[in-house]
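Subject: Handover of a structure and its findings

Dear colleague,

Please find below the structure that I am handing over to you. I would be grateful if you could read the notes that follow with the model open beside them.

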Amino acid sequence: MASRKLVRGFWNHPAGPKTIHFWAPTFKWTLSAANISNFSNPPDAVSYPQQTAFAIAGFIGARYCTVITPKNWNLFTNNFALGCTGVYQLVRKANHDYFVQKE
């Protein structure tokens with residue numbers, strides 16, 4: 001009974017699967033997934049402008065997800081993950097460019 005109530009609450013939520021507030025962030029996860037899949041690429045292939053844009057847009061978007069109504073936690077976690085992956089890629093690139101001894 002409780003699980004049925006939980007599913008019904010999720011289904012009827014203002015940011016649930018019956019709205020664009022659910023599907024847009026769900027498909028936006030592909031940006032974070034693509035960035036994660038690039039972790040195995042060499043750091044010299046990382047773009048500073050692209051990863052800076054990902055990091056800034058991710059963290060600004062995550063901030064605004066906490067003040068909008070309805071609260072959209074799918075979009076918040078998506079934006080936060082995008083910001084974190086952007087920062088990680090920037091750290092990899094900076095470490096490669098400035099701290100690793102070149103042969």
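Predicted model: local features only at pLDDT ≥ 70, side-chain atom pairs only at ≥ 80, totals over all residues.

Residues are numbered from 1 along each chain as its sequence is written, and side-chain values use heavy atoms, with hydrogens and water left out.

**The largest pocket**

The volume of the largest pocket is about 150 Å³. For this search, a 1 Å grid was laid over the protein atoms alone; a pocket is an open set of points where a 1.4 Å probe fits, with protein on both sides within 12 Å along at least five of seven lines, and a lining residue has an atom within 4 Å of a point. Points are joined across faces, edges and corners, and the volume is the space filled by probe spheres set on them.

The lining consists of F10, H13, A15, G16, H21, F22, K71, N72, W73 and N74. Two elements, α2 (20-37) and α4 (73-99), each give two or more residues to this lining. Helices here are DSSP runs (H or I, at least four residues), numbered from the N terminus. By class, four of the lining residues are nonpolar, five are polar and one is charged. In this scheme Ala, Val, Leu, Ile, Met, Phe, Trp, Tyr, Cys and Pro count as nonpolar, Asp, Glu, Lys and Arg as charged, and the others, Gly among them, as polar.

**The loop between α3 and α4**

N72, one of the lining residues, is placed in the loop between α3 and α4. N72 counts as buried because its relative accessible area is 5%; buried means under 20%, exposed over 50% and partly exposed in between, with a 1.4 Å probe and protein chains only. Beyond its neighbours within four places in sequence, N72 is in contact (heavy atoms within 4.5 Å) with A15, H21, P25 and C65.

**The cysteines**

C65 lies in helix α3 (residues 48-65). C65 is buried, because its relative accessibility is 3%. Residues up to four places away in sequence aside, C65 touches K71, N72, L75, F76 and N79.

How many disulfides does the structure hold? The count is zero, where a disulfide is a pair of cysteine sulfur atoms within 2.5 Å. C65 is in no disulfide, and the nearest cysteine sulfur to its own, that of C84, is 14 Å away. C84 is likewise in no disulfide. With a relative accessibility of 31%, C84 counts as partly exposed.

**The salt bridge**

The count of salt bridges comes to one, a salt bridge being a side-chain nitrogen of Lys or Arg within 4 Å of a carboxyl oxygen of Asp or Glu. The side chains that meet in it are those of K93 and D97, at 3.7 Å from N to O. Because K93 and D97 are four residues apart in helix α4, about one helical turn separates them. K93 is buried at 9% relative accessibility, whereas D97 is partly exposed at 24%. C65 and K93 are 28 residues apart in sequence, and their C-alpha atoms are 29 Å apart in space.

**Further residues in the helices**

N35 is found in helix α2 and is buried, with a relative accessible area of 2%. Residues up to four places away in sequence aside, N35 touches Q51, F54, T85, G86 and Q89.

Q50 has its place in helix α3 and is partly exposed, at 40% relative accessibility. From Q50 to Q89 the C-alpha distance is 9.9 Å, across 39 residues of sequence.

Y88 lies in helix α4, and its relative accessibility of 42% makes it partly exposed. The C-alpha atoms of Y88 and T26 are 22 Å apart, and the two residues are 62 apart along the chain.

With kind regards
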